[in-house]
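This briefing goes through one chain by topic. The structure is shown first, and the notes follow.

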Amino acid sequence: MTSVTATKRSGPDDPHGGHSGRDGHGGQGGRPRRSWRPGPSGPPPRGKAFGDRAAWFLVLPALIPILILSVGPLLYGIALAFTDAQSGRTRSTQWIGTLNFQDLLHDTLFWDSFRIGLVWAVGVTVPQFLLALGLALLLNQNLRLRWLARALAIVPWAMPEVVVGIMWRLVYNPDAGILNETIRDLGLGDGRDWLTGLATALPAVILVGIWAGMPQTTVALLAGLQNTPRELHEAAALDGAGAWRRFRTVTWPAIKPIALAISALNLIWNFNSFALVYVLTSGGPGGRTRLPMLFAYEEAFRYGQFGYAAAMGCVMVAVISVLLAFYLVGRLRAGEDR
């Protein structure tokens with residue numbers, strides 16, 4: 001009887017009978033000490049595993065088109081850049097290594113188009129941002145018919161690039177275009193052929209690019225301005241800050257992340273432009289508006305040099321990747337500074 005009672009009172013941590021207290025000494029009614037060793041990790045719960053599989057099934061409808069229409073052609077184009085692929089059903093394709101890239105290094109026409117592409121991208125992106133910022137600040141004010149002005153501001157963005165190009169070709173028409181007609185009515189001269197002049201073709205195309213892409217930047221900046229608390233502007237005004245100081249100390253810090261993001265995306269988008277310039281000038285006159293995408297298109301579909309054009313595409317993808325890497329590094333550093 002005594003042994004049975006002792007056995008019942010004995011805890012698993014105290015061989016001499018009695019439970020161990022919180023301080024490690026024996027004592028009846030104390031808590032048993034927990035082992036410091038972690039228990040074996042078992043399989044994940046069935047509900048969590050099922051949730052992960054269900055998430056993949058939900059992602060697949062969006063992931064499969066990206067893999068088929070974007071990643072697949074990209075990998076095929078990279079592989080094609082190392083071959084001598086040309087047009088023609090009877091021509092055989094052979095692996096030539098880096099020969100296309102070696103030829104590309106000495107191709108002055110391609111590097112001229114690359115320089116024109118950089119001038120085009122910067123020449124469109126910078127004025128586009130400045131004008132969009134001014135328009136966004138204006139549309140953020142409490143004006144009459146502000147809703148109508150906001151609706152009209154996004155009309156160029158809603159129009160396809162081909163339609164924009166055709167419309168501006170009519171504006172620039174040397175004989176009956178509205179631009180030359182206005183110049184003649186004002187007595188400033190007889191006008192000129194804007195899209196075929198060596199000195200005016202690229203500026204004229206840049207002007208169209210600014211007009212066509214400004215609404216997207218305006219909408220993004222306007223969204224940032226509307227999310228800026230009005231209390232900050234009111235407090236700065238009470239402190240005697242003028243309009244410029246309020247913009248520099250309140251408005252710009254609030255919209256700076258959006259401004260950097262939309263500017264980086266616009267730079268990449270403008271560098272990859274094709275349809276707008278193709279409709280306006282087709283790369284002319286004399287290659288003055290031949291962007292890298294136009295040059296690669298001509299090599300592939302006019303001259304049938306698919307492998308060489310694919311090498312050009314790889315170079316442009318590398319340049320865009322570098323620009324994107326700089327942008328992401330800047331964003332990460334800005335996040336760490338916060």
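**The loop between H12 and H13**

Serine 282 counts as partly exposed because its relative accessibility is 38%. This residue lies in the loop between H12 and H13, and its phi is near 55°, a positive value in a residue other than glycine. The model is a predicted one. Its chain has 14 helices and 0 strands.

- Proline 285 also belongs to the loop between H12 and H13.
- The peptide bond that runs from glycine 284 to proline 285 is cis, and its omega is near -5°.

**Overall make-up**

- From the N terminus on, the elements run α-α-α-α-α-α-α-α-α-α-α-α-α-α.
- The chain has 338 residues, and 32% of them count as buried.
- Of the contacts between residues at least 6 apart in sequence, 59% join residues at least 24 apart.
- The chain has an accessible surface of about 22200 Å², and carbon and sulfur atoms account for 64% of that surface.

**Nonpolar cores**

- The largest nonpolar core holds 34 residues. Those that touch the most other members are Phe110, Trp120, Tyr172, Val208, Leu280 and Met312.
- At least two residues of this core come from each of helix H4 (108-139), helix H7 (161-171), helix H9 (201-226), helix H11 (243-271), helix H12 (275-280), helix H13 (292-301) and helix H14 (306-337).
- H9 gives the most to this core, namely 7 residues.
- A second, separate core has 13 residues, including Phe129, Ala136, Met214 and Leu222.
- Which residues does tryptophan 120 touch, not counting residues up to four places away in sequence? They are Val205, Ile206, Gly209, Asn270, Ser273, Leu276, Val277 and Leu291.

**Nonpolar surface patch**

- A nonpolar patch on the surface is formed by Phe57, Leu60, Ile64, Ile66, Leu67, Ile68, Leu69, Val71, Leu74, Leu75, Ile78 and Val317. Together these residues have about 1100 Å² of accessible area.
- Helix H2 (residues 46-80) gives the most to the nonpolar patch, with 11 residues.
- Leucine 75 lies in helix H2. With a relative accessible area of 53%, leucine 75 is exposed, because the cut-off for exposed is over 50%.

**Aromatic pairs**

- The count of aromatic pairs comes to 17.
- Tryptophan 111 and phenylalanine 114 have ring centres 5.6 Å apart and planes at 65°, so this pair is edge-to-face.
- Both tryptophan 111 and phenylalanine 114 are in helix H4, where they stand 3 residues apart, about one turn of the helix.
- Tryptophan 111 is partly exposed, at a relative accessible area of 34%, whereas phenylalanine 114 is buried, at 10%.
- For phenylalanine 247 and tryptophan 252 the ring centres are 6.4 Å apart and the planes are at 40°, so this pair is tilted.
- Phenylalanine 247 counts as buried at 17% relative accessibility, while tryptophan 252 is partly exposed, with a relative accessible area of 28%. The cut-off for buried is under 20%, so the two values fall in separate classes.
- One aromatic cluster is formed by Phe110, Trp111, Phe114, Phe271 and Phe295.

**Salt bridges**

- How many salt bridges does the count come to? It comes to 2 salt bridges.
- Arginine 184 and glutamate 181 are separated by about one helical turn because they are 3 residues apart in helix H8 (residues 178-185).
- Arginine 184 is partly exposed at 31% relative accessibility, and glutamate 181 is partly exposed at 33%.
- Arginine 290 forms a salt bridge with glutamate 298, with 3.5 Å between the closest N and O atoms.
- Glutamate 298 is buried, with a relative accessible area of 10%.

How values were computed:
Residues are numbered from 1 along each chain as its sequence is written. This is a predicted model: local features need pLDDT of at least 70, side-chain atom pairs count only at pLDDT 80 or more; totals for chains, interfaces and linings use all residues. Side-chain values use heavy atoms; hydrogens and water are left out. Patches are made of residues with over 30% relative accessible area and no salt bridge: like charges are joined within 9 Å, nonpolar side chains (Val, Leu, Ile, Met, Phe, Trp, Tyr) within 5 Å. Accessible areas come from the Shrake-Rupley method with a 1.4 Å probe; for residues, only the protein chains shown count as cover. A salt bridge is a side-chain nitrogen of Lys or Arg within 4 Å of a carboxyl oxygen of Asp or Glu. Helices (H or I, at least four residues) and strands (E, at least two) are DSSP runs, numbered from the N terminus. Buried means under 20% relative accessible area, exposed over 50%, partly exposed in between (1.4 Å probe, protein chains only). A nonpolar core is a set of buried Ala, Val, Leu, Ile, Met, Phe, Trp, Tyr and Cys residues joined through side-chain atoms within 4.5 Å. Contact means heavy atoms within 4.5 Å. Rings of Phe, Tyr and Trp (its six-membered ring) pair if their centres lie within 6.5 Å; planes under 30 degrees apart count as stacked, over 60 as edge-to-face and the rest as tilted.
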